[in-house]
Amino acid sequence: MPNSPSDRSPEAPRRVTVQRKGPLLMEGPVEVELEDGSVVTSDRFRVALCTCRRSRRYPWCDTSHRDRA
C-alpha cells in the first residue's frame, strides 16, 4: 500500500471521502471538468470539492456550507 499520494501508481484508485454536511474530500492532484466544459486543476495532495454550490471559489470548497451562529 502506498505511503503517500506521490507513491501511488497511475492505475491506483483515488480516494474520495463523502461527508454528510460538507465537501467531497479527494486525494489529489485533480482535474475537474465543469458544466461549461472548462477544466480547473489542483496539484494539492488533498482537495475539498464544494457540493452545496455556495462557495465563492467553486468548485473548491471555502467552508460556506457551515452553519453560521
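Colleague: Where in the chain does Pro-23 lie?
Modeller: This model is predicted: local features need pLDDT of at least 70, side-chain atom pairs 80 or more, and totals for chains, interfaces and linings use all residues. Residues are numbered from 1 along each chain as written, and side-chain values use heavy atoms, without hydrogens or water. Strands are DSSP runs of E, at least two residues, numbered from the N terminus. Residues 16-18 form strand 1 and residues 24-27 form strand 2; Pro-23 sits in the loop between them.

Colleague: Is Pro-23 buried or exposed?
Modeller: Look at its relative accessible area (under 20% is buried, over 50% exposed, partly exposed in between; 1.4 Å probe, protein chains only). Pro-23 has 7%, so the residue counts as buried.

Colleague: Which residues does Pro-23 contact, leaving aside neighbours within four places in sequence?
Modeller: Contact means heavy atoms within 4.5 Å. With those neighbours set aside, the list is Thr-17, Ala-48, Leu-49, Thr-51, Cys-61 and His-65.

Colleague: How far apart in space are Pro-23 and Asp-62, C-alpha to C-alpha?
Modeller: Along the sequence, 39 residues separate Pro-23 and Asp-62. In space, their C-alpha atoms are apart by 9.2 Å.

Colleague: How many disulfides does the structure hold?
Modeller: A disulfide needs two cysteine sulfur atoms within 2.5 Å. The sulfur of Cys-50 has its closest cysteine sulfur in Cys-52, at 3.8 Å, so the gap is too far for a bond. Cys-52 is likewise in no disulfide, its nearest cysteine sulfur being that of Cys-50. The count of disulfides in the structure is zero.

Colleague: Is Cys-52 buried, exposed or partly exposed?
Modeller: Start with Cys-50: its relative accessible area is 10%, so Cys-50 is buried. Cys-52 has 29%, which means that Cys-52 is partly exposed.

Methods:
Helices (H or I, at least four residues) and strands (E, at least two) are DSSP runs, numbered from the N terminus.
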